[in-house]
Amino acid sequence: MTEVGHLSLSGEYLKVSNEVATPANRRLASLMCADIQNCIAEVVAGSAAWLGRGLSCVCAQGRESDIRPSFELTPAQEECLHKLQNRIDVSYDSSIPEHQEALRALWNAAFPEEELCGLISEQWKEMGWQGKDPSTDFRGGGFISLENLLFFARNFPKSFQDLLQKREGDRSVWEYPFAVAGVNITFMLIQMLELEAVMPRSMVGATFLKFLTENESAFDLLYCITFKLMDHQWLTMRASYMDFNTVMKSTRRQLERELLLDDISRLEDMPSYGLLTL
């Protein structure tokens with residue numbers, strides 16, 4: 001594997017090959033084009049932010065244009081939001097058997113042919129955790145970040161394995177660590193959708209609550225879409241480890257655009273959903 005250099009300014013990275021130029025991919029490429037142009041300078045300069053340091057994802061930074069009046073919620077939306085907030089409030093606790101089993105289940109889904117020696121083991125680094133004890137990386141995302149990874153592995157096993165094993169694309173020598181990136185994505189989505197607020201203050205948050213009312217797994221599904229989209233952006237921008245926050249900002253902007261498209265009536269209608277494979 002050879003290291004990929006910085007982005008060319010020629011714009012060639014925006015082309016879609018004939019092999020993948022389906023209508024869905026053309027639409028996704030069109031939506032991404034302007035945003036990637038905006039990110040070129042940041043990628044060339046190199047981001048100073050590192051993965052896993054407090055999980056203070058740069059994508060969570062607010063913008064003046066995001067400030068909007070609060071939206072009134074229906075009783076059904078309030079109930080669904082409350083249930084999701086309860087999940088978000090649960091911290092990972094290595095002493096709770098349910099949490100231990102979920103962590104073992106994640107390992108078995110990721111490496112079905114390799115026996116796990118223990119919940120604290122050097123083996124966890126193979127999945128992209130920072131150390132031998134994954135619980136230290138869950139602090140920023142809580143138990144829901146483990147649930148998100150497990151949902152991804154069970155519902156989209158091919159896409160999960162493709163990202164875990166870095167099977168697709170021309171990869172950098174300095175790749176993002178899979179598991180820690182997953183925790184960052186959970187954190188970013190919570191911030192983007194304003195899920196810790198009493199009610200959303202943006203159209204993006206209000207739109208998501210509509211999807212959540214219709215599908216109780218909407219947050220987990222959006223997580224899978226986001227992870228795959230982030231990797232797609234990573235490859236398109238030819239990013240390396242130090243560019244992670246730049247890629248996450250680009251991913252967030254793309255998600256916001258897609259969620260507000262007029263013809264999106266469910267998450268499966270999002271252009272980026274087409275990136276997922278079972």
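# Briefing on an all-helix predicted chain

The secondary structure of the chain comes to 9 helices and 0 strands, where helices (H or I, at least four residues) and strands (E, at least two) are DSSP runs numbered from the N terminus. The model is a predicted one, in which local features need pLDDT of at least 70 and side-chain atom pairs count only at pLDDT 80 or more, while totals for chains, interfaces and linings use all residues. Residues are numbered from 1 along each chain as its sequence is written, and side-chain values use heavy atoms, with hydrogens and water left out.

**Overall make-up**

- From the N terminus on, the elements run α-α-α-α-α-α-α-α-α.
- Of the 278 residues of the chain, 52% count as buried, where buried means under 20% relative accessible area, exposed over 50%, and partly exposed in between, with a 1.4 Å probe and protein chains only.
- Among the contacts with a separation of 6 or more, 74% come from residues 24 or more positions apart, a contact being heavy atoms within 4.5 Å.

**Packing of H4 against H5**

- Helix H4 (residues 143–155) and helix H5 (residues 157–164) pack at an angle of about 115°, and their axes are 5 Å apart; axes are lines fitted to C-alpha atoms, for helices over the stretch in contact, and angles run from 0 to 180 degrees between N-to-C directions.
- On the H4 side the contact is made by Leu-149, Phe-152, Ala-153, Arg-154 and Asn-155, and on the H5 side by Pro-157, Ser-159, Phe-160 and Leu-163.
- By class, this contact of H4 with H5 has 6 nonpolar, 2 polar and 1 charged residues, with Ala, Val, Leu, Ile, Met, Phe, Trp, Tyr, Cys and Pro counted as nonpolar, Asp, Glu, Lys and Arg as charged, and the others, Gly among them, as polar.

**Salt bridges**

- A search of the whole structure finds 13 salt bridges, each defined as a side-chain nitrogen of Lys or Arg within 4 Å of a carboxyl oxygen of Asp or Glu.
- Glu-147 forms a salt bridge with Arg-87, with the closest N and O atoms 3.2 Å apart, and this pair links distant parts of the chain, since Glu-147 is in helix H4 and Arg-87 in helix H2 (residues 75–88), 60 residues apart.
- Both partners are partly exposed, Glu-147 at 26% relative accessibility and Arg-87 with a relative accessible area of 23%.
- Lys-125 forms a salt bridge with Glu-122, the closest N and O atoms being 2.8 Å apart; Lys-125 is partly exposed at 43%, and Glu-122 is partly exposed at 48%.
- Arg-167 forms a salt bridge with Asp-162, where the closest N and O atoms are 3.4 Å apart, and here Arg-167 counts as exposed at 53% relative accessibility, whereas Asp-162 counts as buried at 3%.
- Salt bridges that share partners join Arg-87, Glu-147 and Asp-220 into one network.

**Surroundings of Tyr-92**

- Tyr-92 has its place in the loop between H2 and helix H3 (97–110), and at 13% relative accessibility Tyr-92 counts as buried.
- The C-alpha atoms of Tyr-92 and Arg-139, which are 47 residues apart along the chain, are separated by 7.1 Å.
- Leaving aside neighbours within four places in sequence, Tyr-92 is in contact with His-99, Gln-100, Leu-103, Ser-135, Phe-138, Gly-142, Phe-143 and Leu-146.

**Aromatic pairs and a charge over a ring**

- The count comes to 15 aromatic pairs, under a rule by which rings of Phe, Tyr and Trp (its six-membered ring) pair if their centres lie within 6.5 Å, with planes under 30 degrees apart counted as stacked, over 60 as edge-to-face and the rest as tilted.
- The rings of Tyr-176 and Trp-234 have centres 4.9 Å apart and planes at 80°, so the pair is edge-to-face.
- Tyr-176 lies in the loop between H5 and helix H6 (178–192) and Trp-234 in helix H8 (residues 218–236), so this pair ties together parts that are 58 residues apart in sequence.
- Tyr-176 is buried, with a relative accessible area of 1%, and Trp-234 is buried, also with a value of 1%.
- Phe-208 and Phe-219 form an edge-to-face aromatic pair, at 6.4 Å centre to centre and 80° between the planes; Phe-208 lies in helix H7 (residues 203–214) and Phe-219 in helix H8, so the pair ties together parts that are 11 residues apart in sequence.
- Phe-208 counts as buried at 0% relative accessibility, and Phe-219 counts as buried at 0%.
- Ring pairs link Phe-152, Phe-160, Phe-178, Tyr-223 and Phe-227 into a cluster.
- Lys-166 lies over the face of Tyr-176, at 4.2 Å from the ring centre, the criterion being NZ of Lys or CZ of Arg within 6 Å of the ring centre and within 35 degrees of the ring normal.
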